[in-house]
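Trainee: I'm new to this one and would like a close look at a single part. Could you pick a spot and walk me through what surrounds it?

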Amino acid sequence: MRKYGGYQGALRTGLAGGILAGVVAAAPASAAVAGVSFAPAAVTYAGLGATSVVAADLNGDHFADLVTPNYLDGTISVLSGDGRGTVVAAPAIAVGAGPADVAVGDLNRDDRLDLVVANLLDNTVAVLLGTGGGGLQAAVAFPAGARAGDLAVADVTGDGVPDVVVTDHDAVSVLAGDGRGALAAPHSYPAGADPTDVTAADLDGDGEIDLAVTNVSTDTVTGLLGDGAGGFGPARGFPVGDGPVGIAAADLNCDGELDLIATDYLGNGVTVLLGDGRGGYPSIQTFPSAGGPVDVVSADLDGDRDLDLATADVRTHTASVLTGDGRGGFSAATGFPAAGRNPSEVVAADFNGDRSPDLATVNYTSGDVSVLLNTAPRR
């Protein structure tokens, strides 16, 4: 997960030292919470220190695949989905020193998905261009800012070409894409102290891409409004819970405006920031979670057409679900065992073709991914 990289290695160090290994009681995998249930997790090995995960159809077979960067061995792993809930790993691919995060996008506009990897230890961003059928060219590295731990892919320059945004030391850096797969030198913008995670979305409704960043040492989320040409205004901070790590954007209260969700790793909570459509967040509320949540994703997990939240819980080895009421409120969290050690990121995708979102976690200490198939009846 990008989260480990952006947290100055504190989480990773804690894992290595065993201080995060405590387990608290979690709901059994067959249990349901407000209409949500999952089959027992199916685990597939990825690589040493698998730290982040992204879901995408890389080989064009219409099934979700997974990609993990493996921090401890300098590689990424591609795990191909079979459409029945199983993923199969291919040989790992070298990308650089300390890969901490991965994202997908069509960087050279050939209608094939490419991969972008943030390498924390050599301060580079590696690009692996897709060749079709799931094939990838060798990684090409481009300089990034110091401590390149988390990234997002979006067209922030307004030229129709995907760019890369990567967390830096107290900043975010923009690496503009040239449409052929190369990235320009980084241009940095202050983003607050110790940026941990970044998401790119139109937060103020002007049609331009903005950024939101978690700042773990100041317990804030900062928003940077984009000008559509690759520039960003001054960071504006909003208070959240204790130790914010992961961040995501979604319309949680069905008002047509994007909201933000931050995981509070130290406070065992999830903070919801309801947006006003102008880049402000007049309503901020924290909901109890469990187990050191470090990543969050939104999806309609119970089929009621309201977005729910799922977190990766590094201390309890679970994926927790908080069901949404469609007004920005959420239930208490219930954890489902990930069957791997220290989950660091979670994604939602349909892994078995039943049109229901399932969950997958990447588990840092055990170096594997867990797929949890959604068994809740659709309403």
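Mentor: Let's start at G328. Leaving aside neighbours within four places in sequence, G328 is in contact with L252, N253, V272, L274 and F287, where contact means heavy atoms within 4.5 Å. Before going on, keep in mind that this is a predicted model, in which local features need pLDDT of at least 70, side-chain atom pairs count only at pLDDT 80 or more, and totals for chains, interfaces and linings use all residues. Residues are numbered from 1 along each chain as its sequence is written, and side-chain values use heavy atoms, with hydrogens and water left out.

Where does G328 sit? You'll find G328 in the loop between strand 29 and strand 30; strands here are DSSP runs of E, at least two residues long, numbered from the N terminus. G328 counts as buried because its relative accessibility is 7%; the cut-offs are under 20% relative accessible area for buried, over 50% for exposed and partly exposed in between, with a 1.4 Å probe and protein chains only. One of the contacts, N253, is 75 residues away along the chain, yet the C-alpha atoms of G328 and N253 are separated by 4.6 Å.

Inside, 5 bridges pair strand 24 (residues 259–264) with strand 25 (residues 269–274) in the antiparallel sense, and L260 stands opposite L273 in strand 25.

On to the aromatic rings. The whole structure holds 4 aromatic pairs; rings of Phe, Tyr and Trp (its six-membered ring) pair if their centres lie within 6.5 Å, and planes under 30 degrees apart count as stacked, over 60 as edge-to-face and the rest as tilted. Take Y189 and F232: with centres 5.5 Å apart and planes at 75 degrees, the pair is edge-to-face. Y189 belongs to strand 18 and F232 to the loop between strand 21 (220–224) and strand 22 (236–239), so this pair ties together parts that are 43 residues apart in sequence. Y189 is buried at 14% relative accessible area, and F232 is buried too, at 11%.

F287, which G328 touches, pairs with F330, also edge-to-face: 5.6 Å centre to centre and 80 degrees between the planes. Because F287 is in strand 26 and F330 in the loop between strand 29 (318–322) and strand 30 (334–337), that pair ties together parts 43 residues apart in sequence. Both F287 and F330 are buried.

As for confidence, the chain averages a pLDDT of 91, and 91% of the residues score at least 70; pLDDT is the predictor's confidence in each residue, from 0 to 100. Over residues 1–31, though, the pLDDT is below 50, and beyond near neighbours in sequence this stretch has 101 contacts in the model. Where pLDDT is low, the predicted coordinates should not be read in detail.

Methods
Pairing = 2+ DSSP bridges. Helix = DSSP H or I, 4+ residues; strand = E, 2+ residues; numbered from the N terminus.
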